Amino acid sequence: MRHVLSVLVENEPGVLSRIAGLFSGRGYNIETLNVGPTLDREVSLMTIATSAPEVVIEQIIKQLRKLVTVIKVVDMNDHVAVEREMMLAKVGAEGDKRAEILRIVDIFRCKVVDVSPDELTIEATGDRGKLDAIVALLQRFGIKEIARTGAVAMKRSMQ
Amino acid sequence: MELTGAQILFESLKKEGVDAVFGFPGGAVIDIYDEMPRHPEIRHYLVRHEQGAIHAADGYARATGKVGVCLVTSGPGATNTVTGIANAYMDSIPVVIFTGQVPSPLIGNDAFQEVDIVGITRPCTKHNYLVKDVTRLAGVIKEAFYLARTGRPGPVLVDLPKDVIQARAEFKYPRQVRMRSYNPTLTPNAKQVARALEAICQADRPLFYVGGGVVSSDSHRELTWLAKKLNVPVTATLMGLGSFPGHEPLWLGMLGMHGTYAANRAVQECDLLIAVGARFDDRVTGKLATFAPNAKVIHIDVDPTSIRKNVRVDVPIVADCRETLVALKAQVEAASDPKGLCRARKDWTATLKTWKIDHPLTYNGGDSGEIKPQAVVETIYELTKGEAIISTEVGQNQMWAAQFYNYHKPRTLLTSGGLGTMGYGFPAAIGAQVAFPDKLVIDVAGDGSIQMCIQEMATAMCYDLPVKIVILNNGYLGMVRQWQELFYKKNYCATCMDWAPDFVKLAQAYGAEGYRVTDPAQVKPVLKQAFGNGKLTIVDVVVSQEENVYPMVPAGASLHEMLLV
């Protein structure tokens, strides 16, 4: 099953490779991983989406907690959480395709962030399902390039 | 007053009570060596290969319970320690490794003797550091020792760029370590302890399965008390040997691939398995699906990742083994129903006794005139009465040393359990002999393994360390040959050691003593002479060539599917 893990780590060199090395060395799967600063400059937040049977997820969480540079691991699947991912997609938009693409952009509340005579670059934000749906819809116009951030997640205030 | 990085290193080592460092110099650490003569209270042992340094530090740590220390230069010096670091990591041995590094401005420039040792050792250290600022050095060393010996012990590496060693800073050794991200749970949950005791009370066929955690937490006394008081028989892993006296009636011997019949049958028949400081390694469990099929499982381990990694656990206790056993002992003493807890369980003990009598560890003595390797180990035990420190190489020699020597005390067997490192035994014996100059330290070796770190003969000679190397010389890489015989249609590919040195002459070349034994009648007198001569000695015992280690559970089979002699 897919789990999203929120991992607070010491903000120091090599910490990413410790985490990534843990996954690769033990044969765990990383679906997405992103890192960013927190309010505390000495601490970074990693959000890791991973898929594995539950017993393996338990090991992943325990192994992460065992790393000396890991401060806290929260399994977002244990909570009601908001999950978001951002995507940029460059789509072929020649001639009459353009209007239909813009309609999709409108329906999904995306934004056009760059335009050229034959391309549109679209910024989309949402959970994984929504982004997958946008990709599926845009594919027939020809997606030339795509960049996704991977999930970030946060517990909802009302649990 | 400001000190150089090198001075800070030595002052910090003194604060940690370090008295022995195993090392090998080089350009990146030359400033440390330059400082060394001014600190005679820290003895440096110059090895002949960095693998020898790390294994010796590891052997020192296993024999004493203290943190072993190893110092090597950058690049090849550092990479030569990797096998030994992985070895210590797999067996949870506290070692701190100091590696030299090229000066900070050169890091990343493919400088001479540069290697990313922090990157290389990330998966095989408990933690590691690259010290970038001399003002952080003392703090990092404090943390490194703290990490190495607390929680689940393990190796910690500190990489020291040359400019950091040369730079100056005020020396202030921290009194305490505060790490928000590292707080091992040491005290057991009282409710879980009570649940464990209740399970023991209800069990008709309980069994202690103990591992290296009992040794490293020094909880053998509590274990022995509990086992005797509660009438629970004990089996141990290779790493756990010595944590329960080998001459006690409740002792079943080692379990697992080369475990005793009684121990393995006991695992399969028990209704409660009490795992203490053991991690259900595949060499212990055999086929997981049929391991201890009828048992409830209590698992005590300081490392949460060990629990439920391989087997389902009914009562998990994440805590220090010693603290847990002390808590169990207290609850036993306060129990309202001591009779229920401490009942004799006569059926169970009688069954076990029958198994022990019907299927003891044995071998075909034969009258071929050949020396049986098992008999050599038995003779070592007879001569030492379990008072020696035994180290082993890896392979058949290791298993015979585990099976046919009765370990009475913890820290008397130094052996590479998890990684199975050939070449470990001799340098480890050197480390133990450094710690205990007056004790008899014997490396039970094979003719294959001993050649992997044989150059440390010079180290042992140089520091007058009278280690005894007993080579069970069968002319083969015996354990692989055994597998080839049993499972690969006797295709003895690359396991015959066609050419070996004359070990007696080799010993003499180093200035040591060398004996060869080819006659069974000579085994005892020659070993006796060797053990009493006060010198570094090789005893080359020419043993029967195709002797196998039995019992044996084939890899992937269930524990009750043992091949017997």
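**View 1. Lys66(A) and Asp303(B) form a salt bridge between their side chains.** In this predicted model, the N to O distance of the pair is 2.6 Å. The limit for a salt bridge is 4 Å, so this pair qualifies. Chain B and chain A share five salt bridges in total.

**View 2. Charged, polar and nonpolar residues of chain B touch chain A.** Ten residue pairs make polar contacts across the interface of chain B and chain A, with both residues at pLDDT 80 or more.

View 3. Chain A gives 19 residues to the contact. Chain B gives 18 residues.

**View 4. Six strands of chain B build an open sheet.** Follow the strands across: the order is β3-β2-β4-β5-β7-β6. The pairing is parallel. Which strands lie at the edges? They are β3 (43–46) and β6 (127–130) of chain B, and each pairs on one side only. On average, neighbouring strands of this sheet are turned by 20° against each other, with direction ignored.

**View 5. Strands β5 and β7 of chain B pair in the parallel sense.** Strand β5 covers residues 95–101 of chain B. Strand β7 covers residues 155–161 of chain B. Seven bridges link the two strands. Look for Ile97(B): opposite this residue stands Leu157(B), in β7(B).

Methods. Residues are numbered from 1 along each chain as its sequence is written. Chains are lettered from A and ligands numbered from 1 in the order in which they are written. This is a predicted model: local features need pLDDT of at least 70, side-chain atom pairs count only at pLDDT 80 or more; totals for chains, interfaces and linings use all residues. Side-chain values use heavy atoms; hydrogens and water are left out. Contact means heavy atoms within 4.5 Å. A polar contact is a pair of N or O atoms within 3.5 Å; within protein, one must be able to donate a hydrogen and the other to accept it, and residues adjacent in sequence count only if both atoms are side-chain atoms. Ala, Val, Leu, Ile, Met, Phe, Trp, Tyr, Cys and Pro count as nonpolar, Asp, Glu, Lys and Arg as charged, and the others, Gly among them, as polar. Two strands pair if DSSP finds at least two bridges between them. Helices (H or I, at least four residues) and strands (E, at least two) are DSSP runs, numbered from the N terminus. Axes are lines fitted to C-alpha atoms, for helices over the stretch in contact, and angles run from 0 to 180 degrees between N-to-C directions.
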